[in-house]
Amino acid sequence: MDTQQKLIDLLHDFDTAMLVTRGDHGALYARPMAVAQVEEDGQIWFVTDRNSGKIADLMLDPETVVTMQGSSKFVSLTGTAQAVDDRAKLDELWNEAWKVWFPEGKASDSIVLLRIEPSSGEYWDNSGLTGVKYLLKAGKAYLQGNRPETDASTNASVSL
């Protein structure tokens with residue numbers, strides 16, 4: 001199984017994520033973010049305010065964690081973040097719903113793109129047939145007093 005491709009495929013299933021940054025004095029902060037785009041290589045794009053706390057944090061330390069969670073799918077990525085001023089890319093990604101945060105629309109001077117370049121990730125997928133197979137393994141392990149075995153279809157750590 002191509003675990004790298006499975007991880008990237010799972011990324012496409014989420015429309016929100018938690019972005020974790022390290023602030024001054026080493027404190028960690030997590031913020032919900034709307035996913036603007038997932039690239040085929042696993043890079044993730046967000047849109048944010050250039051004057052936000054997360055941008056200030058990332059200027060001090062660009063290392064970040066992005067987590068995504070659904071009812072039966074979970075993804076965690078570690079990587080670096082970079083603020084990107086690219087109006088053409090913003091035009092490509094723009095979603096009218098973002099006017100809630102940017103009342104002036106995509107012409108707002110406060111908008112900046114945030115690109116996450118992942119270096120590694122991990123996924124847990126208990127959806128569909130994969131989830132049914134895992135439940136059967138878990139039930140058997142429970143009856144035998146063991147922990148269930150997982151395979152790459154359910155859980156894997158991936159370098160990107």
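Student: Is Lys 73 buried, exposed or partly exposed, and what is its relative accessible area?

Tutor: Good place to start, and please keep in mind that this is a predicted model. A residue counts as buried under 20% relative accessible area and as exposed over 50%, with partly exposed in between. Lys 73 has a relative accessible area of 23%, so it is partly exposed.

Student: Which side chain does Lys 73 meet in a salt bridge?

Tutor: The general idea is a side-chain nitrogen of Lys or Arg within 4 Å of a carboxyl oxygen of Asp or Glu. Here the partner of Lys 73 is Asp 13, at 2.7 Å from N to O. Asp 13 sits in the loop between α1 (3–11) and β1 (16–22) while Lys 73 belongs to strand β6 (residues 73–84), so this pair ties together parts that are 60 residues apart in sequence. Asp 13 is partly exposed too, with a relative accessible area of 44%.

Student: How many salt bridges does the structure hold?

Tutor: There are nine salt bridges. Another of them joins Asp 57 and Arg 31, whose closest N and O atoms are 3.1 Å apart. Asp 57 lies in helix α2 (residues 53–60) and Arg 31 in strand β2 (residues 28–34), so parts 26 residues apart in sequence are tied together. Asp 57 has a relative accessible area of 8%, which means that it is buried.

Student: Where do Asp 85 and Arg 50 lie, the two residues of another salt bridge?

Tutor: Their side chains meet at 2.6 Å, N to O. Both are loop residues: Asp 85 is in the loop between β6 and α3 (87–93), and Arg 50 is in the loop between β4 and α2, so the pair ties together parts that are 35 residues apart in sequence. Asp 85 counts as exposed at 57% relative accessibility, whereas Arg 50 counts as partly exposed at 28%. There is also a network, in which salt bridges that share partners join Glu 39, Lys 89 and Glu 92.

Student: Which residues gather in a patch of negative charge on the surface?

Tutor: For a patch, look for residues with over 30% relative accessible area and no salt bridge, with like charges joined within 9 Å. In this model the patch consists of Asp 2, Asp 9, Glu 40, Asp 41 and Glu 117. Take Glu 40 as an example: its place is in the loop between β3 (37–38) and β4 (44–49). Its relative accessibility is 58%, so Glu 40 counts as exposed.

Student: Which residues that are apart along the chain have their C-alpha separations given in Å?

Tutor: Val 75 lies in strand β6 and is buried, with a relative accessible area of 2%. Next, Met 33 and Ala 17 are 16 residues apart along the chain, with a C-alpha separation of 5.3 Å. Met 33 is found in strand β2, and its relative accessible area of 7% makes it buried. Finally, Ser 52 and Ser 110 are 58 residues apart along the chain, and 9.3 Å separates their C-alpha atoms. Ser 52 lies in the loop between β4 and α2 and counts as buried at 14% relative accessibility.

Student: What is phi of His 25, and where is the residue found?

Tutor: Phi of His 25 is near 65°, a positive value in a residue other than glycine. His 25 is found in the loop between β1 and β2. With a relative accessible area of 82%, His 25 is exposed.

Key. Residues are numbered from 1 along each chain as its sequence is written. This is a predicted model: local features need pLDDT of at least 70, side-chain atom pairs count only at pLDDT 80 or more; totals for chains, interfaces and linings use all residues. Side-chain values use heavy atoms; hydrogens and water are left out. Patches are made of residues with over 30% relative accessible area and no salt bridge: like charges are joined within 9 Å, nonpolar side chains (Val, Leu, Ile, Met, Phe, Trp, Tyr) within 5 Å. Accessible areas come from the Shrake-Rupley method with a 1.4 Å probe; for residues, only the protein chains shown count as cover. Lys and Arg count as positive and Asp and Glu as negative; His and the chain ends are not counted. The place of a charge is taken as NZ of Lys, CZ of Arg, CG of Asp or CD of Glu. Helices (H or I, at least four residues) and strands (E, at least two) are DSSP runs, numbered from the N terminus. Buried means under 20% relative accessible area, exposed over 50%, partly exposed in between (1.4 Å probe, protein chains only).
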